[in-house]
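Please keep the sequence and the model in view while reading.

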Amino acid sequence: MSYKLIAGLGNPGSEYANTRHNMGFMLLERFLATHRPERWEKVHVCNSYCYVGSFAGSKLILQMPQTFMNNSGTAVAKLMRQEKIEPSEIVVVYDDMDLDVGRLRIRRNGASGGHHGMDSIIAELDNCSNFARLRLGIGHGKTTVDHVLSKFDDADQKAVDACLDAGCKALELLLRCGIGKAMNEYNSWSYQAPEEVGKSTDIEEQSLKNQ
């Protein structure tokens, strides 16, 4: 399967930068930063900022819709029609409250899970949900709106950075080797703080001594 479009979801404007709901934007920004950004052409088209370049020998478009999250589908569907891209040729990257901070998941298809950006895309694609998605954990909050529009606190930042790095690698693997390989390698991935890694090793060593 050749993927032609990666759509990262978020809200436009400096007031929403680095908020939990903008994890899709953040991952594409991280991906660009690590893949020679000067080689990607930035264009404003279909109510989006798009970066047009190539990866693994094939043309690839990175899209950041500027329609606000709940209307993401209008921009994504418009670009797909313009570029003659099928649902099976796109990957949507977005935040997920059902995953803890520092976790990610890749799926081949499925329902929106109540995510309004995904609801919009599925609706604009005539209720088609047969497209890949990369979900990045943001955890739960007391109220949904306040939580998704909040920034990560200092305690979460290391996990967020590690998740974005892992998400970039997962996306690279998906583009190079297919979604199955990426799912097998990254759907069990989770961030572990250095102190937790040490504790885990100590427990394993103690368990061996007691055998």
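This is a predicted model: local features need pLDDT of at least 70, side-chain atom pairs count only at pLDDT 80 or more; totals for chains, interfaces and linings use all residues.

Residues are numbered from 1 along each chain as its sequence is written, and side-chain values use heavy atoms, with hydrogens and water left out.

**Nonpolar cores**

- A nonpolar core is a set of buried Ala, Val, Leu, Ile, Met, Phe, Trp, Tyr and Cys residues joined through side-chain atoms within 4.5 Å; buried means under 20% relative accessible area, exposed over 50%, and partly exposed in between, with a 1.4 Å probe and protein chains only.
- The largest nonpolar core comprises 39 residues, and I6, L27, L62 and L136 have the most contacts inside it.
- At least two residues of this core come from each of α1 (23-33), β3 (48-55), β4 (58-65), β5 (90-96), β6 (104-107), β7 (132-137), α5 (154-177) and α6 (179-186); helices (H or I, at least four residues) and strands (E, at least two) are DSSP runs numbered from the N terminus.
- The greatest contribution to this core is that of α5, with 10 residues.
- Another core, of 20 residues, lies apart from it and has A7, C50, Y94 and I121 among its members.
- Beyond its neighbours within four places in sequence, L27 is in contact (heavy atoms within 4.5 Å) with V93, L134, L136, L164, G167, C168 and L171.

**The pair α5 and α6**

- The two helices α5 and α6 pack at an angle of about 150°, and their axes are 7 Å apart; axes are lines fitted to C-alpha atoms, for helices over the stretch in contact, and angles run from 0 to 180 degrees between N-to-C directions.
- The helices α5 and α6 are therefore roughly antiparallel to each other, a term for angles over 145 degrees.
- On the α5 side, the contact is made by A166, K169, A170, L173, L174 and C177, and on the α6 side by I179, K181, A182, E185 and Y186.

**Positive phi angles**

- C46, in the loop between β2 (41-45) and β3, has a positive phi of about 55° although it is not a glycine.
- With 6% relative accessibility, C46 counts as buried.
- F68, in the loop between β4 and α2 (72-83), also is not a glycine, and its phi is positive, near 75°.
- F68 is partly exposed, at a relative accessible area of 41%.

How values were computed:
Angles under 35 degrees count as roughly parallel, over 145 as roughly antiparallel, 65 to 115 as roughly perpendicular and the rest as oblique.
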